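Hi everyone, thanks for coming. Let me put the structure up, and then I'll walk you through it.

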Amino acid sequence: MNRFFATLLVLGLVASPVLAQDTKKEIQKYQQMIADGSPVELFELEGEALWKKPQGPQNVSLEKCDLGQGAGVVKGAYARLPRYFKDADRVMDLETRLLHCMTTLQGRSREEATKRVFGNENQPSEMEYLSAYVASQSRGVKLAAGNSHPKEKEAYELGKALFFHRAGGWDMSCASCHGEENKRIRMQELPVLSKREFARPIMATWPAYRVSNSQFKTMQWRINDCFRQMRYPEPKFASDATIALSTFLTVTAAGEPYRGPGTKR
Amino acid sequence: MAGPMKMRASVAGGFTEVRVLMTHPMTTAQSGQALHFIQNITVKQNGKAVVEAEISQAVSRNPVFSFRLKGGAKGDKIEVSWLDNKGETNKIETAVA
């Protein structure tokens, strides 16, 4: 029934610019409805329990993990990622840093810790739960990804280049879908992510819960899936390319108060 | 073990609004997996049952419920519990804000 209604709205959009405004309002109303009572809070709670749970050969929790604001500081940490970490000599996003803590603090192998980074509706992944918790602790904090260290600037430039780089079987770039205003796929608006005003609300609400498939999705997944949709080779989890794209997008969105984890259609 | 629950309860205009989130797979027969869904929900106000609900597989995964109770005051104890078809159960209690 909803799909039928959506189809009518899309047809209406073609017919009249007045209806286009109504459509946008209707979509906004729908987004408010799904955000109200979102299960995202349940993921935050599970994530907090996982953060405090001793694991790995060292049998320690992640509570001493340094997310950039000092060992164990979770408050406001997500809003300042990705950033450069001296101990690893690289720019890291949230999941990359979590992985770093799992291998260094908990003594787990990279293979074991990355065995299942993207979950499904029946069994969400550890990364998804943890991302929900850590991100939730940045609500109200302005996005301020690192943009001063030479490696951070390098990541930003690489991310920007990747955003506009056309490749793959369909010769697409991120900008092929996210480069023009007022475009959308069905109900989903396609924000021009290289522009500040469009990047801000998006980056302020990821990671996010998807109501259509009952899954919590991380930023690493979002980029991975964009690569799949563009028919690129699958990017490696926590690779420089994915972190560079995140850096470019988050720096572009700088200054927006974080209000996620969000709820998406 | 059952996953977490989250609840908010507030009083306004002579009504107590209760909103509760539950972690549950709510697996239907169509999924090909074993049926697993919440069957009973009980809402208690200061220990007295005020809502006894029976729900079905038609309810979504990780459901949210809200109840509007007549009357009530700040500090009232609200308890919501569920029982599923496998006999698993969970509950949460909060004071009305």
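How many residues does the contact take from chain B and from chain A? The contact takes 10 from chain B and nine from chain A, where two residues are in contact if their C-beta atoms, placed from the backbone, lie within 7 Å. On the side of chain B that touches chain A, four residues are nonpolar, three polar and three charged; here Ala, Val, Leu, Ile, Met, Phe, Trp, Tyr, Cys and Pro count as nonpolar, Asp, Glu, Lys and Arg as charged, and the others, Gly among them, as polar.

A quick note on the source: this is a predicted model, local features need pLDDT of at least 70, side-chain atom pairs count only at pLDDT 80 or more, and totals for chains, interfaces and linings use all residues. Residues are numbered from 1 along each chain as its sequence is written, with chains lettered from A and ligands numbered from 1 in the order in which they are written.

Now, chain A. It is divided into domain 1 (1-36) and domain 2 (37-264), with bounds from an automatic or database domain assignment. Their centres, taken over C-alpha atoms, are 29 Å apart. Domain 1 of chain A gives five residues to the contact and domain 2 of chain A gives six.

Over to chain B, which has an open sheet of three strands in the order β1-β2-β5, with antiparallel pairing. Strands are DSSP runs of E, at least two residues, numbered from the N terminus, and two of them pair if DSSP finds at least two bridges between them. Strand β2 (residues 15-22) of chain B pairs with β5(B) over seven bridges, and Leu21(B) stands opposite Val64(B) in β5(B).

Key. Helices (H or I, at least four residues) and strands (E, at least two) are DSSP runs, numbered from the N terminus.
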